[in-house]
Amino acid sequence: ESWEATPTSPLLRLLLARPVSLFPPPHGTPGPLAPPPPGLALQRSELLHREQLRVRTAERRAPRPGAKMSELRQRLGREPDGAEEKESELENKLDGETASDSESKSEFGGAPPAPTSDDTPEVLNRALSNLSSRWKNWWVRGILTLAMIAFFFIIIYLGPMVLMMIVMCVQIKCFQEIITIGYNVYRSYELPWFRTLSWYFLLCVNYFFYGETVTDYFFTLVQREEPLRILSKYHRFISFALYLTGFCMFVLSLVKKHYRLQFYMFGWTHVTLLIVVTQSHLIIHNLFDGMIWFIVPISCVICNDIMAYMFGFFFGRTPLIKLSPKKTWEGFIGGFFATVLFGLLLSYLMSGYRCFTCPVEFNNDSNSFTVDCEPSELFQLQEYNIPLVIQSVIRWKTVRMYPFQIHSIALSTFASLIGPFGGFFASGFKRAFKIKDFANTIPGHGGIMDRFDCQYLMATFVNVYIASFIRGPNPSKLIQQLLALRPDQQVHIFNTLKAHLVDKGMLANSEDA
């Protein structure tokens, strides 16, 4: 391929217009400038070729000719002095922005959403006015963290029903923060129904998930009330019909020349539903297996967040990941060890209380939740032999601990090693739209989604962990399903079960008696 010089760069203009003056004469040579030696002439040819390649590459990265390259040419034409340095600086900017980024900017209305402003209470601003910005942020984050921890203790004390309501409120707020970012990009086109359809799909998905939960855990109550029984029987059909209605509304809202943008937003809404609503539904399922499965994982994520920040603040020197420049290896490692130790201690304290370890069940007589049961082996102290290598150090041969504490090591390890990647994912999302936080709901912390980005990833892991290693068949659910069968079906199951127990020798044969 032949490359034709495009004299848009000052360096190219110098190479083409003044080929001789680029090379000074040998020392002591009088008169006009001498021609360059053959070696330098070859270097000049290679430099010219590289400059041509670079200019062509920059033009390719600017798909619309009136945008970046025109600005580059104008600035380079006005500033001949120091042109190489300024041109390389602009080239670095172009390298950081691909063609897809330019296309996204043009389709999504140009300027990205503006970063959120500082919303620190005036009382704290006045009290901390004499501190540097670094220490001021440390104190603001610390005070608000203690306030959120106190609120967390209060809702735990209020019981499982309040916890479920809080989870739903957090889910709605996180959904609102993510959808608002999309709406700020979308509204410049004045296209109809984006927010309306987004909230409608949220309603449909919540109706499906919470309807499934009510059917599973409130089966007796549902069967007792005729309207609830009908809704339970046709629940999935109703959910699908509601979704189809929203789907048809979206198709009818399509506007010519903006199809691609509208499908972007359709995907935006559904990915948000997948991340937020599905995970919050899993959190509630974990809660029904026992409040300890809800409290310990969430507390481990909170502990890791706090301790990683503390270690990074005081000892952080080595950057961890480019998506979050303030994250350091010192904070990451320190948060891991602190979280594992915290998980062991918290699990030991909570395993001795039935209100935390018993599954949350609905009492049909009192129409309320109960958490009273006989603790399983998972929450009974057992004696374990210590490995010989460790015995020589601590001089203990055995240790008494709850089996759940062993599981807490897996939970705390995930919270400290894998959980932060949920935060890195959120950081990448915010960088893509050039915003600092999802919102400014909590001063010093950002939005609710900024605090729960790791919690959603943790909820999925806990649910999978319980299903894989902990949960077995649930007798109470099985009995509820049997009671919903027809009498002839119940008799058939009874006879089958009786014959099975007789074969096992657990029941005496009535004919032999």
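I call a residue buried when its relative accessible area is under 20%, exposed when over 50%, and partly exposed in between, with a 1.4 Å probe and protein chains only. By that rule Cys 300 is buried, with a relative accessible area of 0%.

**Ground rules.** This is a predicted model, so I kept in mind that local features need pLDDT of at least 70 and side-chain atom pairs pLDDT of 80 or more, while totals for chains, interfaces and linings use all residues. Residues are numbered from 1 along each chain as its sequence is written, and side-chain values use heavy atoms, with hydrogens and water left out.

**Overview.** I found 22 helices and six strands, taken as DSSP runs (H or I, at least four residues, for helices; E, at least two, for strands) and numbered from the N terminus. Of the 513 residues, 36% are buried. The protein exposes about 30700 Å², with carbon and sulfur atoms supplying 64% of that area; the areas come from the Shrake-Rupley method with a 1.4 Å probe.

**Cysteines.** How many disulfides does a search of the whole structure find? It finds one, where a disulfide is a pair of cysteine sulfur atoms within 2.5 Å. The partners are Cys 358 and Cys 373, their sulfur atoms 2.1 Å apart. Their link is left-handed, with -95° about the S-S bond. Cys 358 sits in the loop between α16 (354-357) and β3 (361-363) and Cys 373 in the loop between β4 and β5, so the bond ties together parts 15 residues apart in sequence. Cys 358 is buried at 0% relative accessible area. Cys 300 is in no disulfide, and the nearest cysteine sulfur, that of Cys 303, is 7.0 Å away. I noted Cys 373 as partly exposed, at 25%. Beyond its neighbours within four places in sequence, Cys 373 is in contact (heavy atoms within 4.5 Å) with Arg 354, Cys 358 and Pro 359.

**Nonpolar cores.** I next listed sets of buried Ala, Val, Leu, Ile, Met, Phe, Trp, Tyr and Cys residues joined through side-chain atoms within 4.5 Å. The largest such core has 38 residues, and Trp 293 and Phe 404 are among those with the most contacts inside it. The largest share, nine residues, comes from α14. Setting aside neighbours within four places in sequence, Trp 293 is in contact with residues including Leu 378, Phe 404, Val 462 and Ile 470. Apart from this core lies another, of 31 residues, Val 170 and Leu 273 among them.

**Helix α19.** Lys 434, which follows α19, has a positive phi near 55°.

**Record check.** UniProt, in an unreviewed entry, places the feature "transmembrane region" at stretches including 193-210 and 262-284; such annotations may be inferred rather than shown by experiment. Residues 193-210 are 94% helix and 0% strand, with end C-alpha atoms 25 Å apart. Residues 262-284 are 100% helix and 0% strand, with end C-alpha atoms 33 Å apart.
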